[in-house]
Amino acid sequence: MKRLLLALALGLAPLPALAADLVMVEQDGCHWCARWNADLAHIYPKTEEGKRAPLRRVNLRALPEDITFTSRPVFTPTFVLVHDGKELGRIEGYAGDEFFWFLLGKLLDAHPQETEPKS
């Protein structure tokens with residue numbers, strides 16, 4: 001009986017909200033996607049930004065239905081900050097690592113509650 005009550009209590013406990021994801025919209029043959037991959041793909045998950053907004057990759061031609069974009073992405077790569085399936089903001093294009101980190105930092109800092117690092 002105690003086990004049943006404990007299981008019920010744990011089942012009713014509020015779950016922590018999931019942090020945001022950084023959705024990379026890409027497509028085959030995209031030069032700038034390939035450049036981002038060469039420059040940053042291998043280090044992104046190890047960075048503080050990668051912990052605040054883990055990367056999820058999607059194809060421009062097959063956008064997932066679980067994300068509500070404010071407008072359909074047109075350019076690749078487009079990096080969309082998503083929380084609870086809704087777009088919070090985006091970075092269109094890739095013009096080099098320094099510019100990317102600067103823009104991503106501003107985007108994450110604009111949404112501190114949604115981008116707390118996942119434990």
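**The sheet and its surroundings**

Mentor: The open sheet consists of four strands in the order 2-1-3-4, with mixed pairing. Strands pair here if DSSP finds at least two bridges between them. Helices (H or I, at least four residues) and strands (E, at least two) are DSSP runs, numbered from the N terminus. At the edges are strand 2 (55–59) and strand 4 (86–92), each of which pairs on one side only. On average, neighbouring strands of this sheet are turned by 25° against each other, direction ignored. Axes are lines fitted to C-alpha atoms, for helices over the stretch in contact, and angles run from 0 to 180 degrees between N-to-C directions.

The model is predicted: local features need pLDDT of at least 70, side-chain atom pairs count only at pLDDT 80 or more, and totals for chains, interfaces and linings use all residues. Residues are numbered from 1 along each chain as its sequence is written, and side-chain values use heavy atoms, with hydrogens and water left out.

In general, strands of a sheet pair through backbone hydrogen bonds, either parallel or antiparallel. Strand 3 (residues 78–83) and strand 4 run antiparallel and are joined by six bridges. Within this pairing, Val82 has Glu87 in strand 4 as its bridge partner. The loop between strand 3 and strand 4 contains Asp84, whose phi is near 50°, a positive value in a residue other than glycine. Asp84 counts as exposed, at 60% relative accessibility; the classes are buried under 20% relative accessible area, exposed over 50%, and partly exposed in between (1.4 Å probe, protein chains only). In the loop between strand 2 and strand 3 lies Pro77, and the peptide bond from Thr76 to Pro77 is cis, with omega near -5°.

Two helices lie across the sheet strands. Helix 2 (residues 31–41) lies across strand 1 (21–26), strand 2 and strand 3, and runs at about 140° to strand 1. Helix 4 (residues 97–109) lies across strand 1, strand 3 and strand 4, at about 160° to strand 4. These belong to a protein of four helices and four strands, whose elements run α-β-α-α-β-β-β-α from the N terminus on. Of the contacts between residues at least 6 apart in sequence, 59% join residues at least 24 apart, where contact means heavy atoms within 4.5 Å.

Side chains of opposite charge can pair when their charged atoms come close. A salt bridge is taken as a side-chain nitrogen of Lys or Arg within 4 Å of a carboxyl oxygen of Asp or Glu, and the count comes to six salt bridges. One of them joins Arg57 to Glu26, with the closest N and O atoms 3.0 Å apart. Because Arg57 lies in strand 2 and Glu26 in strand 1, this pair ties together parts that are 31 residues apart in sequence. Arg57 is partly exposed, with a relative accessible area of 38%, whereas Glu26 is buried at 16%.

Arg56 forms a salt bridge with Asp66, again with closest N and O atoms 3.0 Å apart. This pair links distant parts of the chain, Arg56 being in strand 2 and Asp66 in the loop between strand 2 and strand 3, ten residues apart. Arg56 is partly exposed at a relative accessible area of 27%, and Asp66 is partly exposed at 47%.

Salt bridges that share partners join Glu87, Arg90 and Glu92 into one network. Glu92 is partly exposed at 45% relative accessibility, and Arg90 is partly exposed at 21%.

Finally, the confidence of the model deserves attention. pLDDT is the predictor's confidence in each residue, from 0 to 100; the protein averages 88, and 82% of the residues score at least 70. Over residues 2–10, pLDDT stays under 50, and the model has zero contacts beyond four places in sequence for them. Residues 12–17 also have pLDDT below 50, with zero contacts in the model beyond near neighbours in sequence. Across the protein, buried residues make up 37% of the 119 residues.
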